Every structure is written in structure tokens, then in C-alpha cells.
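Here is a short note for a colleague opening this entry for the first time. Please keep the model in view while going through the points.

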Amino acid sequence: MIRIGIICPSEIAFRRFLPSLRKAKGFKYVGVAIATPEEWFGDRLPSVNQNAINQVQISENEKAQKFVDEYGGKVFDGYSTLICSDEIDAIYLPLPPALHYKWAKMALLNDKHVLVEKPTTTCLVDTQELLNIAKMRKLALHEDYMFIYHDQLKMINDVVRSGEIGEVRLYRITFGFPRRDAQDFRYMKALGGGALLDAGGYTMKYSSFLLGSSGRLVTATANYLPSFEVDMYGSATMVNDEGMVAQLAFGMDNDYKCDLEIWGSLGTITSNRILTAPVGFVPSYTIKKNQSYEKRELLADDSFYKSIMHFELCIKDEVSRIVNYKAIEQQQKLVEDYRELSRMV
């Protein structure tokens, strides 16, 4: 039994991770950690008003108590306390991206397996360091792009391979959502915000799935808006050695889109929840042949549960761990290439 704890009582941990973890028989949920004032405020702590410190502690404790009430387990006082605990074999890390490196590194150095929300870190150097530690200690490091495990991807690929839409001429993937609250970490550079790291990562991950290991970026743009310190939307083109092309577009001040289009010589496939299908949702796709349209349903799935199960596989199987290491590094290299091509500030 793999004993797992959560770093921070986040919404995604409560709403998505723990319900899926309940189905995973190989794991035992132990508890959730709340940050100490030193961990929360860092070097700023001496200058922070005591009332502000108290408010943060009260808020985090209230969130953590909801975890206990709904899922059991206990509350750990401090991320470090959970990471160093002999009660824990693995951690789930859903903090903002800029905080992943610090806490994932501490976990790995304390011989804990790590399931981290995407992106693994905010730069290639940091990701490679985590991978090196994981390799040396034979630990699983898994980046939680859970959509990649949803059955709808395979089912759509099966239609393409059947030849029904002929030869593929173009893949197009778009993912974006309306502007959120200004205090959301996605709009804060210091916390690893920005459209590339948030929405853009999804489109590149799926493109790699479609194009294979030779998929690479050839064009990229990063777009900014006044009064925001991070990139707000962008677009790119990827190709592979066979000349297959994927066009990507993403943003976090956009009309909501989560679309796939596969344009073939004989037909076109479109689907509009390709990256974010929740548990119980029945996805579908439309196949168009000239002016004839047909909508087809796919199967509901729990991609978060399947990602957790892949994490378990990586913990138990060395070959799977190594394959996962390579996938994480490939994804981070694409992010670095995007920054270079788009000349991001």
C-alpha cells in the first residue's frame, strides 16, 4: 500500500484528486499539509502584519478541515513536516508552478515519490535536476497531464487509423478560457503564471501525442496585454519528421474553447472537450464529409484516476519510470523552445 499525502489543501486536490484516489486500491490517503507562516511568506515574514499571518492560517486550517471531514486523514502542520514524515511514501503537489521545484526536490531527497501538477517546473534546468534526483533514487516523478489517459483520445485515433477521413492534412488544437480573478496565480509571474505554462502546455502535450517523438516547434508567438505581467495568449506550429503539421492556439483571456480538429483528405473530425472532459461526461465528436455531418458519442472516463494509476505503475516498474522521465523532459524542452522562438520577455 502506497501512503500518500497532499501538499496544500487546494481546490483541485479536494474536487478532482481525492475522489479519483478513492478508486485506486494501491494507495492510502494519509493527510494534507498546510504551510507554516515561514513556508507561506518566506523571506517576507518579518515584515508581514500578524493579522495577515493569522488570516492565512485560519483560512488554510478551515480548508484542511474540510479534507478531514470529507476524506479522513489528518492535517500536517507544515509542508516539510509531511515530506519528512515516516507515514508518507508519496506526495501529490498541486501548488502554483513556481513552487513545484522547491517542494518536489525536498520530497525526492526524502525518498518520496512525486505526483506533480503540470508543469513539473517553470524551466528546463530545474526539471532536469528533479529528473536526475528521481533517477538516482529510483523514484517516480509524474507530471499530471491527466487528459492524455482519457479513452476518447485513443478512440478518435482509431477512427483516423481506419482511413475513414483519408490522409490527415492538419491537426488543430485550441484551448483557452475567460479571464479569471486578478489574484489568480495564473496572472502572477512570481508564481509561474502565464498562458504558455498553463493552457499552452496542454496543446503542446497533445500535439506530441499526435505527432510522436519527432514533433517539434517551428513557429511560436507570445502575446501580452496592458497591465498584465505574464503572457496572456499565444499560438504555434509543430511538425514531425513525416511532415505532419499541428497548429496550436491558447489563452487565458479568451472565449472558452477546448477543441480538436483533424482535417483529412476525405473528411474532418471535430471535438470540443478534448482536454478537460470531467468524470461522467460523455464526450463526442463530429465527423464531416463534405456537407454531411454525423455526431458520434464516445465513452465517459476518469482520466485523473488513470493518471494516478500510471503514477502507481511508475512507482512499481522501472521501465515505466524511465519512459515517464523522457516524456517529462520532452515536454519541458518544448516549453523552452517556445520561449526562444517567441522571444518571450
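Buried means under 20% relative accessible area and exposed over 50%, with partly exposed in between (1.4 Å probe, protein chains only). This is a predicted model: local features need pLDDT of at least 70, side-chain atom pairs count only at pLDDT 80 or more, and totals for chains, interfaces and linings use all residues. Residues are numbered from 1 along each chain as its sequence is written, and side-chain values use heavy atoms, with hydrogens and water left out.

1. **Cys8.** Cys8 is buried, at 11% relative accessible area. Its place is the loop between strand 1 and helix 1 (11-21). Helices (H or I, at least four residues) and strands (E, at least two) are DSSP runs, numbered from the N terminus. Cys8 is not a glycine, yet its phi is positive, about 90°.

2. **The start of the chain.** Met1 sits in the segment before strand 1 (2-7). Met1 is exposed, with a relative accessible area of 66%. Leaving out residues up to four places away in sequence, Met1 touches Lys25, Gly26, Phe27, Lys28 and Asp89. Contact here means heavy atoms within 4.5 Å. Met1 and Phe311 are 310 residues apart along the chain, but their C-alpha atoms are separated by 13 Å.

3. **The largest core.** A nonpolar core is a set of buried Ala, Val, Leu, Ile, Met, Phe, Trp, Tyr and Cys residues joined through side-chain atoms within 4.5 Å. The largest one has 46 residues. Met204, Tyr206, Ile262 and Ile269 have the most contacts inside it. Helix 8 (residues 195-211) gives the most to this core, with nine residues. Neighbours within four places aside, Met204 is in contact with Leu196, Leu217, Met238, Leu248, Gln331, Leu334, Val335 and Tyr338. Another core lies apart from this one; it has 27 residues, among them Ala35, Ala107, Leu130 and Tyr325.

4. **Helix 5.** Which residues of helix 5 (residues 100-109) are buried? They are His100, Trp103, Ala104, Ala107 and Leu108. Seen down the helix axis, the buried residues fall within an arc of 135°, so they line one face of helix 5. The arc is that of the directions from the helix axis to the C-beta atoms. The buried residues pack against helix 2 (37-41), helix 4 (79-84), strand 4 (90-93), strand 5 (113-116) and helix 6 (124-137). Just after helix 5, Asp111 takes a positive phi of about 60°.

5. **Strand 5 to helix 6.** Pro119 lies in the loop between strand 5 and helix 6. The peptide bond from Lys118 to Pro119 is cis, with omega near -10°. Asp126 lies in helix 6. Asp126 is buried, with a relative accessible area of 19%. Apart from neighbours within four places in sequence, Asp126 is in contact with Tyr101 and Thr121. The C-alpha atoms of Asp126 and Lys102 are separated by 9.3 Å.

6. **Glu60.** Is Glu60 buried or exposed? Its relative accessibility is 5%, so Glu60 counts as buried. Glu60 is part of helix 3 (residues 50-71). Beyond its neighbours within four places in sequence, Glu60 is in contact with Pro9, Ile34 and Trp40.

7. **The second largest pocket.** A pocket is an open set of points on a 1 Å grid over the protein atoms alone, where a 1.4 Å probe fits, with protein on both sides within 12 Å along at least five of seven lines; lining residues have an atom within 4 Å of a point. The second largest pocket is lined by 23 residues. Ile148, Tyr149, Lys205, Phe209 and Ala327 lie nearest its centre. Helix 10 gives the most to this lining, with seven residues.

8. **The record.** UniProt, in an unreviewed entry, places "domain: Gfo/Idh/MocA-like oxidoreductase N-terminal" at residues 54-143. Its positions are given in the numbering used here, feature names are shortened, and annotations may be inferred rather than shown by experiment. In the model, the span 54-143 is 53% helix and 17% strand. Its end C-alpha atoms lie 33 Å apart.

9. **After helix 10.** Arg343 is found in the segment after helix 10. At 73% relative accessibility, Arg343 counts as exposed. Its phi is positive, near 55°, in a residue other than glycine.
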